[in-house]
Amino acid sequence: MTLRARLTLLFLGALQATFLCAVAAYWAVGSWQVLVEDLSRIPEQGVRLDRLLDVAAGLERSADRDAERIADRASERVGQELDDALAELRRHAQSRDEGQVVERVAAAVGARDPDALRAAARELRAYYDGELQRHRRHADGLVGTSHALVIAIVVIVIAAFLAFLVAIRAWLVAPVRVLERGMKVMRTGDLAHRIELGGTDELARLARDINQMAGSLARIQQELVASERFALLGELGAYVAHNIRNPLASIRATAQGELVDLSPDDPHRGAFEDIVRACDRLAAWVTDLLRSASPVQLERREGQIDEVVARCAELARPRLAETGVEVALSLAPTGPVPFDEAKLEQVVSAVLANAIEASPPQGRVEMSVASEPGAVVVRVVDEGPGIPPTRRARLFTPFSTSKPSGTGIGLWLSQKIISAHGGSISLHAARPEKGTAVEIRLPTP
């Protein structure tokens, strides 16, 4: 769920809580207003009833003093007062039961029956007393309900406020802090650090974008370092070629000339042979250095990759005989593929030489060529001690080697050649405990 959707739900929840609180408050105010009106109306009706009874009592006393004379003069005035009092009672009657009792009072007044009037008045007063008691009980219940509503509103407001704080902390504050900590680590130069922020909202996508940016910056940094190393290698190669190769050739020629003049059993012959081998090894190192410092230029021709692999295995027979390592070939025809035969042979020979050197005496190296959709795969598997995962990626960087006599250029140069072909070269663990598998993938048309 996106951050916008979460905040929208949070707003709708707050709006709903506010609406419920407003409805509850409106209901409570309305209920109290109706109750107050009823409680004030009942005493007013009682006052009107008393007024009616007073008027009726005054009419009765006047009739006792002088029935004919007083009745004639007071009939109009008292009758009007009675009618007004009855009209007031009728107009303010709220229920059917009250209206019926008021009508009985009116009938008694119309009949000029004091006993019936008193009886109807007692009935009406009893009705008002009962209504008053009922409204008081209703007021008691309404007080309890109002208290409960107030408590509920307070609880809802507090809960909504706490939920709002928790949501803001979980959805905004905590992710922003994670982003801030991750950016602080990256600012120290650790571009391998990754911000761990799950989810699918905007902040999680921002974290993934930052991680991708850090990865891109790390790759650019590696490319810049490689470019600097490449430029350094070019200058170093030119210097080495100018200052080492010519003296080295003179030393080798001198040692080789001395070997010609020495007998096979001469005790100094071994020393001169060591000089020749050391010169050859140093010359090979200089050649690799010069080759790695120059850009890779391919001369593609269609050919059979399995034939190149078989030829590399055949060229390695003398070294295999020295170490006792066996090479097992599994070559499948690949069909014509455009590639630079000389440079691919250089890569396969370098990988095979590393496999032979890593394998124990009387060990076994497996070489295979297979066709897959869109690629030809060459695999070289040895039985050596294996390479730790932390060192595999560094083996493709210049001067990274653990061999006493290694230069750390072979795999780097091999990767440059395979990358120029549009392929890839990678290292994997051949078995759980030992062995290394080198996999070369070349694209096919």
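This is a predicted model: local features need pLDDT of at least 70, side-chain atom pairs count only at pLDDT 80 or more; totals for chains, interfaces and linings use all residues.
Is C279 buried or exposed at 5% relative accessibility? C279 counts as buried, because a residue is placed in that class when its relative accessible area is under 20%. Good morning, colleagues.

As for disulfides, the structure holds zero.

Helix α3 covers residues 96–110, which makes 15 residues. From the first C-alpha to the last, α3 reaches 21 Å, close to the 21 Å expected at 1.5 Å a residue. Which residues of α3 are buried? They are E98, V101, V102, V105, A106, A108 and V109. Viewed down the axis of α3, these buried residues fall within an arc of 160 degrees, and therefore they line one face of the helix. On the other side of α3, R96 and G110 are exposed. Just after this helix comes R112, whose phi is positive, at about 55 degrees.

At the start of α10, D340 places a side-chain oxygen within 3.2 Å of the backbone nitrogen of A342. The buried residues of α10 are L344, V347, V348, V351, L352, A355 and I356. Seen down the axis of α10, they fall within an arc of 165 degrees, so these residues line one face of the helix.

My last topic is the strands, with β5 as the point of reference. Strand β5 runs over residues 375–381, and six of its seven residues are buried, so the strand is largely enclosed by the rest of the structure.

Which strands pair with β5? One of them is β4, residues 364–372, which is antiparallel to β5 and joined to it by seven bridges. Within this pairing, E372 stands opposite A375 of β5. The hairpin of β4 and β5 has two residues between the strands, and in it G374 takes a positive phi near 85 degrees. Another partner is β7, residues 436–443, which pairs with β5 in the antiparallel sense, again over seven bridges. Here V376 is found opposite L442 of β7.

Thank you for your attention.

Note on methods
Residues are numbered from 1 along each chain as its sequence is written. Side-chain values use heavy atoms; hydrogens and water are left out. Helices (H or I, at least four residues) and strands (E, at least two) are DSSP runs, numbered from the N terminus. The expected span of a helix is 1.5 Å times one less than its number of residues. Buried means under 20% relative accessible area, exposed over 50%, partly exposed in between (1.4 Å probe, protein chains only). The arc is that of the directions from the helix axis to the C-beta atoms. A polar contact is a pair of N or O atoms within 3.5 Å; within protein, one must be able to donate a hydrogen and the other to accept it, and residues adjacent in sequence count only if both atoms are side-chain atoms. A disulfide is a pair of cysteine sulfur atoms within 2.5 Å. Two strands pair if DSSP finds at least two bridges between them.
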